[in-house]
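My notes are below the picture.

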Amino acid sequence: MNRKYRKTVIAGNWKMNKTPSETKEFMSAFKAILPKGRWCDVVFCVPAVCIPAAVRAVRDTRVCIGGENMNPNPSGAYTGEISASMLLDAGCKYVIIGHSERRAMGETDEDVNAKVLAALEAGLTPIMCCGESLEQRESGVTEEWISMQIKNGLKNVPEDKMRKVIIAYEPIWAIGTGRTATPEQAQEVCQGIRTVVRKLYSSKHARAISILYGGSMNEKNAAELLAQADIDGGLIGGASLVPEKFVQIIEAANPAPLQPEEEEPVEETAEA
Ligand code: PEP
């Protein structure tokens with residue numbers, strides 16, 4: 001984390017878990033133990049049908065709600081799909097784009113790029129995911145693969161919209177497996193992502209972008225991962241379904257007190 005230059009974001013990805021009633025129950029348990037300090041942005045990306053219940057429940061808090069996916073088209077004959085403006089109107093501020101579970105269903109880098117552009121156009125903060133498979137890691141192509149995913153995903157994203165983009169590095173082999181990347185492995189790739197952003201945009205953009213790690217992050221390993229210089233938060237699946245675990249991860253994002261010269265406010269990414 002580097003709170004001088006960028007925001008720390010702890011985001012949950014509920015995937016296909018919880019009903020609207022369970023969302024209401026979860027949120028009341030979560031709110032009862034949510035720490036008071038505002039040291040990171042807290043987001044829950046929830047199933048589409050849970051968005052209204054989640055938005056209602058967090059209305060009196062600093063917590064934001066996001067979608068788990070979206071269609072890049074503004075409207076039309078796309079049965080079962082949800083547009084960026086629908087998410088926004090429902091009260092979402094964020095949307096996960098390009099999660100490996102959606103890529104496994106056929107989503108391409110081009111689709112990811114179209115969704116990122118549409119999300120930004122609508123005013124949502126995209127959490128754009130990237131990550132390599134175990135085979136790719138073992139064959140030594142991780143850096144090249146991630147760099148390509150980032151370049152393709154950010155194609156035509158204008159400089160002024162980049163301040164809204166969040167990138168999540170999620171090694172596929174670590175998602176839902178209980179096998180976390182070591183802090184060093186995660187830091188190496190997140191640093192590499194920042195270098196790609198620097199080359200595509202500028203040092204200023206690279207310094208300002210929040211890069212999250214995702215892949216079996218939990219209440220036990222979060223502090224060590226978040227202590228890495230280029231890991232600005234987490235995208236958390238399993239552990240975001242349990243209020244106590246998620247709160248412990250938020251607490252792990254509570255760093256040592258800021259040095260006096262670091263106490264400048266960081267610009268809000270997604271809050272109205
Ligand atoms: C995810 O779904 O993005 C994820 C990282 O899941 P988990 O934390 O369960 O590995």
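What follows are my entries, from confidence to strands to helix pairs.

**Ground rules.** I am working from a predicted model, where local features need pLDDT of at least 70 and side-chain atom pairs count only at pLDDT 80 or more, while totals for chains, interfaces and linings use all residues. Residues are numbered from 1 along each chain as its sequence is written, and side-chain values use heavy atoms, with hydrogens and water left out.

**Confidence.** I checked pLDDT first, meaning the predictor's confidence in each residue, from 0 to 100. The chain averages 93, and 93% of the residues reach at least 70.

**Barrel.** Helices (H or I, at least four residues) and strands (E, at least two) are DSSP runs, numbered from the N terminus. I traced eight strands closing into a barrel, in the order E1-E2-E3-E4-E5-E6-E7-E8, with parallel pairing. Strands pair if DSSP finds at least two bridges between them. From one strand to the next, the twist averages 25 degrees. I zoomed in on one pair: E3 (residues 64-67) and E4 (residues 94-97) run parallel and share two bridges. Gly66 has Tyr94 of E4 as its bridge partner.

**H11 on the strands.** Which strands does H11 lie across? I found E1 (9-13), E2 (41-45) and E8 (233-236), with H11 running at about 160 degrees to E1. For angles, axes are lines fitted to C-alpha atoms, for helices over the stretch in contact, and the range is 0 to 180 degrees between N-to-C directions.

**H1 with H11.** The axes of H1 (residues 20-33) and H11 (residues 243-252) come within 9 Å and cross at roughly 40 degrees. H1 is therefore oblique to H11; angles under 35 degrees count as roughly parallel, over 145 as roughly antiparallel, 65 to 115 as roughly perpendicular and the rest as oblique. From H1, I listed Phe26, Ala29, Phe30 and Ile33; from H11, Pro243, Glu244, Phe246, Val247 and Ile250. By class I get eight nonpolar, no polar and one charged. Here Ala, Val, Leu, Ile, Met, Phe, Trp, Tyr, Cys and Pro count as nonpolar, Asp, Glu, Lys and Arg as charged, and the others, Gly among them, as polar.

**H1 with H2.** H1 also packs on H2 (residues 51-58), at about 20 degrees with the axes 8 Å apart. The two are therefore roughly parallel. Their crossing is right-handed. Pro20, Thr23, Met27 and Lys31 of H1 touch Ala53, Ala54, Ala57 and Val58 of H2. I sorted this contact into six nonpolar, one polar and one charged.

**H7 with H8.** The last pair I looked up was H7 (residues 142-153) and H8 (residues 183-200), with axes within 10 Å and crossing at roughly 45 degrees. That makes H7 oblique to H8, and the crossing is right-handed. Thr142, Ile146, Ser147, Ile150 and Lys151 in H7 meet Val189, Ile193, Val196 and Leu200 in H8.

Note on methods
Contact means heavy atoms within 4.5 Å. A crossing is left-handed if the near helix is turned anticlockwise from the far one by less than a right angle, and right-handed if clockwise.
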